[in-house]
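Please load the model in your viewer and keep the selection panel open. The tour moves from one selection to the next and states what is found at each.

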Amino acid sequence: MKETRLTGFCRRLLFGIAFCAGMIGLFFTYVPEELIRTFLFVFCGVVAIAAALWTVWQSRQLSDFSNDVCETVDTLMEGRELQNFSPYEETAFSKVQEKLLQYYEKMKEERQQSIQDKQTIQELVSDISHQVKTPTANIQMITGILREHELPREKQSEFLNLMAVQINKLDFLMQSLIKMSRLETGTFVLYPEEASLSNTIARAMSTVLAKAEKKHIQLSADCDSKLTVKHDPKWTAEAIGNILDNAVKYTPEGGTIRVSVRPWQFYTRIDISDTGIGIEEENYNAIFQRFYRAEEVAAEEGVGLGLYLARGIITRQNGYITVKSKKGEGSTFSVFLLS
């Protein structure tokens with residue numbers, strides 16, 4: 001269809017050119033030479049005037065276009081709303097205006113993101129300073145006591161043990177901050193593989209076994225030893241271990257913590273249930289934020305990064321974590337890994 005139209009247009013164009021050439025030939029054949037010169041003179045004059053008018057009109061159009069573009073840029077820079085924005089018009093100005101607006105919106109988003117990033121960094125520095133302050137002050141105090149006083153050997157050993165505890169807290173904090181930094185900067189690398197989930201859970205439980213025994217908390221797991229899931233065993237064990245650590249920390253002596261695994265639609269579900277102090281429903285989202293510590297557990301050791309890191313690790317494996325809890329009765333954290 002397009003070829004037929006194009007062929008017809010070409011034929012009409014060639015016919016028009018031939019007709020004009022014939023008419024011009026006839027004109028020069030039968031019209032006197034003096035009249036031809038007059039005609040050419042007048043014709044050239046009309047063309048010159050038309051060209052001059054066209055140039056002036058084009059210059060005016062260019063000037064108006066330039067002024068409109070400058071006005072649009074000034075309006076956007078001042079943060080005002082465009083009054084004459086016509087996105088559906090097929091004109092050069094409307095196209096340029098639309099591109100300028102798109103660029104402005106993109107720059108605006110980047111500026112907002114930059115402000116949020118600066119605020120996040122300021123909050124992070126403040127949180128780190130707060131977390132480091134207490135163990136550092138304790139170490140300085142203990143060092144001062146040991147340096148300025150002659151103490152019995154048993155007392156010195158007691159103070160040295162206290163110092164070791166504070167140093168361990170600092171080391172734990174630094175390690176947690178390094179993991180958090182890697183998580184947020186995208187340098188956190190996972191190596192998923194088809195691996196035994198029961199081995200990963202056993203590895204996670206081994207990290208809290210001593211603490212659980214100290215509080216006489218019963219730990220149990222129900223997972224098919226033949227079950228395999230594609231995941232990073234090391235970091236998944238870290239995530240589950242962080243959840244278990246919280247469970248042990250906030251479960252009273254003599255309580256129970258149970259890990260159970262079962263299929264769930266397209267996922268494998270890992271439930272970590274405890275008989276701990278429970279969590280208020282309005283805090284379900286807050287507990288996964290970095291450095292979050294509820295007022296009632298502020299006295300417990302920790303820096304508030306465990307659940308934040310756990311969620312980051314699971315999310316980067318295309319999984320997710322949910323929580324259900326009842327105050328005073330316990331909590332269940334559910335980890336979902338793609339089957």
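**Helix α8 and its cover**

Select α8 to begin: this helix is mostly covered, with seven of its ten residues buried, where buried means under 20% relative accessible area, exposed over 50% and partly exposed in between, using a 1.4 Å probe and protein chains only. The buried positions are Leu307, Tyr308, Leu309, Ala310, Gly312, Ile313 and Ile314. Helices (H or I, at least four residues) and strands (E, at least two) are DSSP runs, numbered from the N terminus.

This is a predicted model, in which local features need pLDDT of at least 70 and side-chain atom pairs count only at pLDDT 80 or more, while totals for chains, interfaces and linings use all residues. Residues are numbered from 1 along each chain as its sequence is written, and side-chain values use heavy atoms, with hydrogens and water left out.

What covers the buried residues of α8? The cover includes α4 (153-185), α7, β6 (320-326) and β7 (330-338).

Next, select residues 233-249 for α7 together with residues 306-315 for α8; their axes come within 9 Å and cross at roughly 150°. Axes are lines fitted to C-alpha atoms, for helices over the stretch in contact, and angles run from 0 to 180 degrees between N-to-C directions. The two helices, α7 and α8, are therefore roughly antiparallel to each other; angles under 35 degrees count as roughly parallel, over 145 as roughly antiparallel, 65 to 115 as roughly perpendicular and the rest as oblique. The crossing of α7 past α8 is left-handed, a term used if the near helix is turned anticlockwise from the far one by less than a right angle, and right-handed if clockwise.

Contact means heavy atoms within 4.5 Å.

Now bring in α4, which packs against α8 at an angle of about 35°, with the axes 11 Å apart. On the α4 side the contact is made by Ser176, Lys179, Met180, Leu183 and Glu184, and on the α8 side by Tyr308, Leu309, Gly312 and Ile313. Here too, α4 passes α8 in a left-handed crossing.

Leaving aside residues up to four places away in sequence, Thr236 touches Thr200, His231, Ile313, Ile314, Gln317 and Leu337. Thr236 and Gln317 are 81 residues apart in sequence, with a C-alpha to C-alpha distance of 9.1 Å.

**Two loop residues**

Move to the loop between α8 and β6 and select Asn318. Although not a glycine, Asn318 has a positive phi of about 65°, and at 55% relative accessibility it counts as exposed. Then go to Gln265, in the loop between β4 (256-264) and β5 (267-274). Gln265 is not a glycine either, yet has a positive phi of about 55°; its relative accessible area is 72%, and Gln265 is exposed. Most residues other than glycine have a negative phi.

**Zooming out**

Finally, show the whole chain, which has eight helices and seven strands. Of its 339 residues, 31% count as buried. Colour by pLDDT, the predictor's confidence in each residue from 0 to 100: the chain averages 79, and 71% of the residues score at least 70. Where pLDDT is low, the predicted coordinates should not be read in detail.
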